[in-house]
Amino acid sequence: MTPTISCDDLAVTLPGASGPVHILRGVTLAVEKAEFVSILGTSGSGKTTLLRVLGGLLPASGGTVRCDDTAISGPPEGVVTVFQDYAHSLLPWRTVRRNVALGIEARLPKSERDERVDEALTMVGLLDRAEEYPWRLSGGMQQRVQIARALATRPRVLLMDEPFGALDAMTKASLQDQLQQVQELTGTTIVFVTHDVEEAVYLSDRLVVLNGSPADIGLSLEIPLPRPRHQITTKERPDYLELRHRVYEALGHTVGEPARG
Amino acid sequence: MKREKERGGTPVRGLLPLILLLGLWELTGDPASPYFPPPSTWVDGLRPLVDGDKLLPAIGQTALTFLLGLSIATVVGAVVGTLVGASRPIDRALSPSLEFLRALPAASLVPVAALVLGYTTQMKLVVVVLPATWPILLTCRTARRTLSPVLLDTPRTLGLSRWHRTTKILTPALTPAVLLGVRVAAPLALIITLLVEIVTRVDGLGAVLGAAQASFLSAQVYGLLTIAGVLGFLVNWVVTRAETAVSRRMRGTT
Amino acid sequence: MARRVNLLGAAVFVLALVLWELLVRTSVLDFTYLPAPTAVGEGLGELLANGELLGALGHTLFAALSGWALAGLVGVAAGSVLGLVRPVWTYSMASLEALRALPIVAFVPVAVLLFGFSVQTEIMVAFYAALWPIMLNTISGMRTEPRMLESGAVLRLSKAAVLWKIRLPGATAMIVVGLRLGLSVSLVLTLVAEMVGNPAGLGFLLVEKGQALQPGQMFAAVFVIGVTGIVLNGLVMGAARLAFRGQMASSGEAA
Ligand SMILES: Nc1ncnc2c1ncn2[C@@H]1O[C@H](COP(=O)(O)OP(=O)(O)OP(=O)(O)O)[C@@H](O)[C@H]1O
Ligand SMILES: [Mg+2]
């Protein structure tokens with residue numbers, strides 16, 4: 001199977017206050033069709049940077065980035081990024097419905113567009129708030145609007161940057177399950193950035209850990225847990241706990257010592 | 001871009017079009033043109049005024065009206081703004097009347113003031129003071145309203161007299177707001193000063209400008225316009241500098 | 001948001017008028033040409049009855065609004081270009097700031113010189129006065145939130161769509177502020193142009209009534225000018241709220 005989105009020997013250098021800063025070096029990653037890959041790493045390790053390169057928002061300084069065997073220059077067709085800061089990525093003057101329609105309104109006739117928007121809003125459970133303005137919604141709801149906006153375009157690849165980072169545990173769990181259902185239904189390839197180890201293990205088919213400075217991939221781990229997964233039973237399985245243990249170790253925690261921030 | 005912003009403003013390269021335009025005007029302009037005399041003739045146009053010793057006194061009168069008007073406006077605006085900001089009932093009682101006064105365009109006051117007060121310097125001052133008061137009054141009102149009550153209660157518990165409370169606590173706390181208002185009011189006051197002078201022809205640069213236009217001395221009109229521009233630029237520069245300097249000192253160096 | 005009627009404020013306003021009336025009647029305020037509020041009311045009646053007022057108001061509004069509308073078109077277009085195309089901004093902003101330092105009223109004599117005692121003078125002056133606030137507000141409005149632009153990019157909107165659907169709507173609230181400021185200055189400058197240039201409209205009416213020693217009618221005209229300003233501003237706000245509901249609501253100017 002050919003990878004949907006991939007990078008090979010990727011390097012990223014960005015201008016810093018005192019000269020250029022090397023942020024990523026030698027990152028090689030290939031994501032298969034319909035795969036769910038998580039990218040883990042501590043704050044500032046370069047997760048967002050990697051995702052921006054994969055999404056065509058930031059040019060690589062070295063190495064190659066491909067989407068279906070064509071080199072990426074600018075956001076490719078069918079690859080949609082969901083940003084970490086939902087508050088600034090929605091258009092405050094558009095209602096939820098019109099925000100979700102933003103990516104498809106120029107391409108589809110009105111009836112089909114409405115259908116797609118309804119479908120996307122149903123998937124994230126916000127159909128009843130369609131006529132509201134996004135700034136009148138809670139943070140979690142706004143993030144769901146952003147996800148619905150991406151889903152409405154029927155993307156092949158969804159790049160998500162800590163989409164549930166700012167949410168409480170309960171909302172987070174329910175959104176995680178919604179995301180799983182959506183992926184099962186649509187077969188979308190998902191690259192999911194997070195710093196939450198439990199979340200990464202629970203959701204992924206595979207996870208990679210970014211560490212070092214400049215960062216590269218320190219650990220790449222298959223997660224062969226059976227699907228569908230369940231918040232309680234899956235997280236009680238011994239193999240889940242074992243995988244979680246290994247990821248924590250890869251992030252620098254050791255058994256017997258109190259956790260470091 | 002960010003760095004240019006921090007160093008305070010727009011790149012000087014941006015003056016290029018203006019310089020080119022003036023250069024082109026100079027090269028292709030007809031010195032006898034009644035509409036667009038080239039820049040070099042402007043100085044000659046001003047010469048009769050300089051020789052007749054009229055230009056400097058005119059600038060002086062404009063500057064005097066402007067400074068006096070702005071000072072009165074600052075005092076009135078600061079006092080009324082502080083009062084209105086200190087008490088909601090006073091605010092509610094006065095705001096409709098103040099809003100209505102604010103809606104009267106300065107230009108429409110000029111003939112009225114001229115009729116009631118005559119063609120005098122007092123008349124000029126009244127017309128300048130009214131519009132220039134608003135920005136100061138408004139910033140002062142907001143600042144007084146949002147002033148922390150603790151700041152005012154602490155000295156009271158320390159037993160400071162009312163006079164000392166006003167001079168030592170209230171005045172320094174509101175000074176940045178007053179200056180912010182002055183920064184907006186100063187260019188406005190200059191514009192209104194020129195406006196009164198152009199309309200009523202009572203003394204000053206505006207009167208000279210109006211007279212030059214009435215006798216079709218186009219080169220002189222452009223020369224005076226340039227002087228007015230320099231005055232405007234100076235006023236802007238001074239108030240902006242003063243405002244940043246003072247507010248930086250008041251807030252500490254952070 | 002329920003708007004309570006400010007009874008206290010209205011009472012003070014009326015009280016001030018009554019006080020003014022009394023002071024003039026009792027000659028405590030002793031200016032030869034200061035009319036009492038009742039005299040102003042009479043003046044308003046006279047101006048309305050002989051039709052002078054409406055004619056003058058129409059003329060002034062025509063000139064001010066033409067100049068303002070023209071400034072709206074030019075200002076938004078030029079402001080967009082300046083705000084969006086970096087090199088254009090770099091190589092012209094300083095010139096614009098230098099020009100802006102020229103006090104606008106000083107241009108009135110220049111306009112009279114160039115266009116004579118005509119309505120064109122008024123329109124040009126109104127145009128020039130309104131151009132600045134509109135253009136400068138458009139420029140700063142064009143500083144769009146970068147994340148919104150990236151959203152447009154990942155949804156693969158065309159350049160035109162990004163401008164039309166993200167940048168311009170994002171700048172709308174600022175542009176409306178510029179249009180409101182522009183409208184009030186163009187009204188003021190039209191009056192000035194009428195006082196010293198074209199003898200027509202409300203500005204000339206004021207001067208004329210002053211020379212005819214008719215303070216009541218004069219104050220009435222000032223009153224009408226004030227009300228006109230308030231009404232125009234209200235109309236612009238109302239129109240903006242109707243046309244750009246979302247933009248105005250999201251910027252806190254709730255409908
Ligand atoms: N536009 C930029 N210019 C220069 N340096 C940047 C830029 N954006 C990010 N960086 C730097 O790149 C490094 C990685 O940033 P990045 O945003 O990718 O981290 P992250 O892993 O997403 O962190 P977090 O979990 O906090 O979101 C940081 O050291 C940051 O300072
Ligand atoms: Mg990040």
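What is the accessible surface of chain C, and what share of it belongs to carbon and sulfur atoms? In this predicted model, the accessible surface of chain C comes to about 11,500 Å², and 69% of that area belongs to carbon and sulfur atoms.

**View 1. Chain C is built from 12 helices and 0 strands.** Read along the sequence, the chain gives the pattern α-α-α-α-α-α-α-α-α-α-α-α, and the C-alpha trace of chain C spans about 75 × 50 × 30 Å along its principal axes. Of the 255 residues in chain C, 51% count as buried. Among the contacts in chain C with a separation of 6 or more, 74% are between residues 24 or more positions apart.

**View 2. A nonpolar patch on the surface of chain C brings together Val81(C), Leu84(C), Val85(C), Val88(C), Leu163(C) and Trp164(C).** Together these residues have about 500 Å² of accessible area. Two helices of chain C, H3 (52-84) and H9 (159-196), each supply at least two residues of the nonpolar patch.

**View 3. Lys209(C) and Glu52(C) meet through their side chains in a salt bridge within chain C, with an N to O distance of 3.2 Å.** This pair links distant parts of the chain, since Lys209(C) belongs to helix H10 (residues 201-211) and Glu52(C) to helix H3 of chain C, 157 residues apart. The two partners fall into separate classes of accessibility: Lys209(C) is buried, with a relative accessible area of 10%, whereas Glu52(C), with a relative accessible area of 27%, is partly exposed.

**View 4. Chain B and chain C bury about 4,600 Å² between them, and carbon and sulfur atoms give 79% of this area.** Arg92(B), Leu115(B) and Gln213(B) supply 14% of the area that chain B buries against chain C, more than any other three residues. The contact takes 50 residues from chain B and 54 residues from chain C, and among the 2 pairs of chains that touch, it is chains B and C that have the most contacts between them. Across this interface the rule finds 0 salt bridges, while 5 residue pairs are in polar contact between chain B and chain C. On the side of chain B that touches chain C, at least two residues each come from helices H2 (16-28), H5 (88-103), H6 (106-117), H9 (162-200), H10 (204-214) and H11 (218-250) of chain B. The largest share of that side, 9 residues, comes from H5(B).

**View 5. Chain C and chain A bury about 2,000 Å² between them, with 63% of it on carbon and sulfur atoms.** To this contact chain C brings 19 residues and chain A brings 27 residues. The rule finds 4 salt bridges across the interface of chain C and chain A, and 8 residue pairs in polar contact are found there as well. Helix H8 (146-154), H9 and helix H12 (245-250) of chain C are the elements that give two or more residues to the side of chain C that touches chain A, and the largest share of that side, 6 residues, comes from H8(C). Chain A and chain B, by contrast, do not touch, and their nearest C-alpha atoms are 11 Å apart.

**View 6. Salt bridges join chain A to chain C, among them the one between Arg52(A) and Glu150(C), whose side chains meet at 2.8 Å, N to O.** The pair crosses between chains, from Arg52(A) in helix H1 (residues 47-54) of chain A to Glu150(C) in helix H8 of chain C, and both residues are buried. Arg52(A) and Glu150(C) are also linked with Asp85(A) and Arg147(C) in a network of salt bridges. Glu105(A) forms a salt bridge with Lys165(C), where the closest N and O atoms are 2.9 Å apart.

**View 7. Within chain A, the side chains of Arg237(A) and Asp239(A) meet in a salt bridge at 3.0 Å, N to O.** Arg237(A) counts as partly exposed because its relative accessibility is 30%, and Asp239(A) is likewise partly exposed, with a relative accessible area of 30%. Over all chains, the structure holds 27 salt bridges.

Key
Residues are numbered from 1 along each chain as its sequence is written. Chains are lettered from A and ligands numbered from 1 in the order in which they are written. This is a predicted model: local features need pLDDT of at least 70, side-chain atom pairs count only at pLDDT 80 or more; totals for chains, interfaces and linings use all residues. Side-chain values use heavy atoms; hydrogens and water are left out. Patches are made of residues with over 30% relative accessible area and no salt bridge: like charges are joined within 9 Å, nonpolar side chains (Val, Leu, Ile, Met, Phe, Trp, Tyr) within 5 Å. Accessible areas come from the Shrake-Rupley method with a 1.4 Å probe; for residues, only the protein chains shown count as cover. Helices (H or I, at least four residues) and strands (E, at least two) are DSSP runs, numbered from the N terminus. Contact means heavy atoms within 4.5 Å. Buried area is the accessible area (1.4 Å probe) that two parts lose on being put together, summed over both. A polar contact is a pair of N or O atoms within 3.5 Å; within protein, one must be able to donate a hydrogen and the other to accept it, and residues adjacent in sequence count only if both atoms are side-chain atoms. Buried means under 20% relative accessible area, exposed over 50%, partly exposed in between (1.4 Å probe, protein chains only).
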